[in-house]
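I am opening a notebook on a structure that is new to me. My plan is to look up a few side-chain pairs and then ask where their partners sit.

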Amino acid sequence: MSIVKPNNNTISAITSLPAAITTGKVLQVITDTFTDQSSSSSTMATFKTMSITKSNANNKIIIVCSTMMQTDSNGGWSYGEIRVLRNDVSTFTTDAVSGGESIPNYINTSVNPTWVDSATDTTSITYKFQFAKNSGAGGSQLGGSHASGNGESNYITLMEIAS
């Protein structure tokens with residue numbers, strides 16, 4: 001059996017290991033649930049507000065939303081939309097969402113948008129999450145008795161990632 005000598009040194013001659021990787025680490029995680037939302041108009045309504053303070057201006061915030069969206073096909077096809085505002089400025093928007101599993105008069109779709117925010121703020125960043133019907137004759141619902149009837153939960157997660 002041969003002896004491994006890193007950089008021609010014995011193990012006892014090594015005084016330190018390489019520095020730890022400093023990028024890509026999850027520095028903080030904030031998760032919260034939200035209540036079901038219904039909309040029959042295109043007026044955006046805030047359904048959740050969350051704040052996070054980055055420890056470094058170069059770090060990123062990953063935003064993950066997980067819910068079901070239900071649209072009413074009985075009243076005519078409709079589409080729903082989620083919008084995120086950073087410090088009251090529209091920053092991210094989902095595409096209009098409809099389709100998926102059909103139950104009588106309703107169409108259910110799993111909605112899991114994820115966004116990466118590169119804002120350079122180091123003060124508290126406030127995200128407002130809004131929902132509205134995007135278009136169509138029927139109504140749209142985020143979560144709700146038809147969309148979340150099987151016990152699915154509605155949640156949003158904010159993660160600070162070291163850059």
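This is a predicted model: local features need pLDDT of at least 70, side-chain atom pairs count only at pLDDT 80 or more; totals for chains, interfaces and linings use all residues.

**Entry 1: salt bridges.** I looked up how many salt bridges the structure holds, and I found 3. In one of them Lys48 pairs with Asp32, and their closest N and O atoms are 3.0 Å apart. Since Lys48 belongs to strand β3 and Asp32 to strand β1, the pair ties together parts that are 16 residues apart in sequence. I noted that Lys48 is buried at a relative accessible area of 16%, whereas Asp32, at 33%, is partly exposed.

I then turned to Asp117 and Arg86, whose side chains meet in a salt bridge of 2.8 Å, N to O. Here Asp117 lies in strand β9 (residues 114–117) and Arg86 in strand β5 (residues 78–86), so this pair ties together parts that are 31 residues apart in sequence. Asp117 is buried, with a relative accessible area of 2%, while Arg86 is partly exposed at 22%.

Next I checked Lys128, which forms a salt bridge with Asp88, the closest N and O atoms being 2.8 Å apart. Lys128 is in strand β10 and Asp88 in the loop between β5 and β6, so the parts they tie together are 40 residues apart in sequence. I recorded Lys128 as partly exposed at 26% and Asp88 as exposed at 53%.

**Entry 2: aromatic rings.** Which residues form one aromatic cluster? I found that Phe34, Phe47 and Phe129 do. A search of the whole structure gave me 3 aromatic pairs, and among them Phe47 and Phe129 form a tilted one, at 6.5 Å centre to centre and with 50° between the planes. Because Phe47 lies in strand β3 (residues 45–53) and Phe129 in strand β10 (residues 124–136), the pair ties together parts that are 82 residues apart in sequence. Phe47 counts as buried at 10% relative accessibility, and Phe129 is buried at 0%.

**Entry 3: Ser66 and its surroundings.** I located Ser66 in strand β4 (residues 60–72), where it is buried, with a relative accessible area of 14%. Its side chain is joined to that of Asn112 by a polar contact of 2.8 Å. Leaving out residues up to four places away in sequence, I found that Ser66 touches several residues, including Phe34, Val111 and Tyr155.

Key:
Residues are numbered from 1 along each chain as its sequence is written. Side-chain values use heavy atoms; hydrogens and water are left out. Helices (H or I, at least four residues) and strands (E, at least two) are DSSP runs, numbered from the N terminus. Buried means under 20% relative accessible area, exposed over 50%, partly exposed in between (1.4 Å probe, protein chains only). A polar contact is a pair of N or O atoms within 3.5 Å; within protein, one must be able to donate a hydrogen and the other to accept it, and residues adjacent in sequence count only if both atoms are side-chain atoms. Contact means heavy atoms within 4.5 Å. Rings of Phe, Tyr and Trp (its six-membered ring) pair if their centres lie within 6.5 Å; planes under 30 degrees apart count as stacked, over 60 as edge-to-face and the rest as tilted. A salt bridge is a side-chain nitrogen of Lys or Arg within 4 Å of a carboxyl oxygen of Asp or Glu.
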